[in-house]
Amino acid sequence: MKTGKNPKKTKYNKILADSLFRDIIRGRDKSICQNCKSSYNPQVAHIISRRYHTTRWDINNALILCSKCHARWTYHPLEWEQWIIKRIGQSEYEALKREALSYEKINYKELITQLQTILGA
């Protein structure tokens with residue numbers, strides 16, 4: 001007998017959550033780069049890497065950057081950290097880092113419902 005999660009269902013839920021999350025952040029930031037104010041090729045940039053699932057879909061952990069600024073900050077992580085601290089403050093940044101390291105199990109059904117509610121879908 002098979003036990004555990006269905007990997008296809010988990011992958012589908014991640015993709016759906018990512019799509020809803022992207023729409024929320026783009027709507028909130030009006031698809032405008034929060035660094036240079038460009039509207040060219042807006043991308044969702046995570047403050048704490050999206051590999052940390054406890055903060056991956058936290059709306060306080062993302063903002064819109066144009067592709068140029070996103071690439072710049074990706075390759076200059078120390079400058080990125082300084083810019084973020086200036087933008088959101090040291091305490092909020094530290095709170096995001098603590099949350100990222102909490103490694104809580106993700107309930108995708110609840111997460112998707114929350115994201116749909118925020119989006120108004």
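Helices (H or I, at least four residues) and strands (E, at least two) are DSSP runs, numbered from the N terminus. The legends below describe close-up views of a predicted model.

**Figure 1. Overall arrangement of the protein chain.** The predicted model contains six helices and two strands. Along the sequence, these elements occur in the order α-β-α-β-α-α-α-α. Taken along the principal axes, the box filled by the C-alpha atoms is roughly 55 × 30 × 25 Å. The protein chain has 121 residues, of which 33% count as buried. Among contacts with a separation of 6 or more, 69% join residues 24 or more positions apart.

**Figure 2. Arg 50 in the loop between β1 and α2.** Arg 50 belongs to the loop that joins β1 to α2. The relative accessible area of Arg 50 is 41%; this residue is therefore partly exposed, since the class lies between the limits of 20% and 50%. When residues up to four places away in sequence are not counted, Arg 50 touches Asp 18 and Arg 56. Leu 96 is 46 residues from Arg 50 in sequence, and their C-alpha atoms are 12 Å apart in space.

**Figure 3. The largest pocket and its lining.** The space in the largest pocket amounts to about 370 Å³. Its lining comprises 17 residues, and Thr 54, Glu 99, Ile 106, Leu 111 and Gln 114 are those nearest the centre of the pocket. Two helices, α2 (53-56) and α6 (108-119), each contribute at least two lining residues. Helix α6 gives the most to the lining, with five residues. By residue class, the lining of the largest pocket consists of six nonpolar, six polar and five charged residues.

**Figure 4. The second largest pocket.** The second largest pocket holds about 310 Å³ of space. Of its 14 lining residues, His 46, Ile 47, Ser 49, Thr 74 and Trp 80 are the closest to the centre. Strand β1 (42-46) and the helices α3 (67-74) and α4 (77-88) each provide at least two residues of this lining. Eight of the lining residues are nonpolar, four are polar and two are charged.

Figure 5. In soluble globular proteins, nonpolar side chains tend to be buried together. The largest nonpolar core has 15 residues, and the members that touch the most other members are Ile 47, Leu 63, Leu 65, Trp 80, Trp 83 and Ile 84. At least two residues of this core come from each of β2 (62-66), α3, α4 and α5 (90-100). Not counting residues up to four places away in sequence, Leu 63 touches Ile 25, Arg 28, Asp 29, Gln 34, Gln 43, Val 44, Ala 45, Ile 47, Trp 80, Trp 83, Ile 84 and Arg 87.

**Figure 6. The aromatic pair of Trp 57 and Tyr 108.** Four aromatic pairs are found in the whole structure. In the pair of Trp 57 and Tyr 108, the ring centres are 5.8 Å apart and the planes lie at 80°, so the arrangement is edge-to-face; the angle is over the 60 degrees that this class requires. Trp 57 is in the loop between α2 and β2, whereas Tyr 108 is in helix α6, so the pair ties together parts of the chain that are 51 residues apart in sequence. The relative accessibility of Trp 57 is 7%, and Trp 57 therefore counts as buried. Tyr 108 is also buried, because its relative accessible area of 9% is under the 20% limit.

Figure 7. Trp 80 and Trp 83 form a stacked aromatic pair, with 5.6 Å from centre to centre and 25° between the planes. Both residues lie in helix α4, three residues apart, which is about one turn of the helix. Trp 80 and Trp 83 are both buried. Together with Trp 73, Trp 80 and Trp 83 form one aromatic cluster.

**Figure 8. Asn 13 in helix α1.** Asn 13 is located in helix α1 (residues 7-28). With a relative accessible area of 12%, Asn 13 is buried. The contacts of Asn 13, not counting residues up to four places away in sequence, are with Tyr 108 and Ile 112.

Terms used. Residues numbered from 1 in each chain as written. Predicted model: local features only at pLDDT ≥ 70, side-chain atom pairs only at ≥ 80, totals over all residues. Heavy atoms only, no water. 1 Å grid on protein atoms, 1.4 Å probe; cavity = no way out; pocket = protein on both sides within 12 Å on 5 of 7 lines; lining within 4 Å. Points joined across faces, edges and corners; volume = space filled by probe spheres on them. Nonpolar A, V, L, I, M, F, W, Y, C, P; charged D, E, K, R; others polar. Core = buried A, V, L, I, M, F, W, Y, C linked by side-chain atoms within 4.5 Å. Buried < 20%, exposed > 50% of the residue type's maximum accessible area, 1.4 Å probe, protein only. Contact = heavy atoms within 4.5 Å. Phe/Tyr/Trp six-rings, centres within 6.5 Å; stacked < 30°, edge-to-face > 60°.
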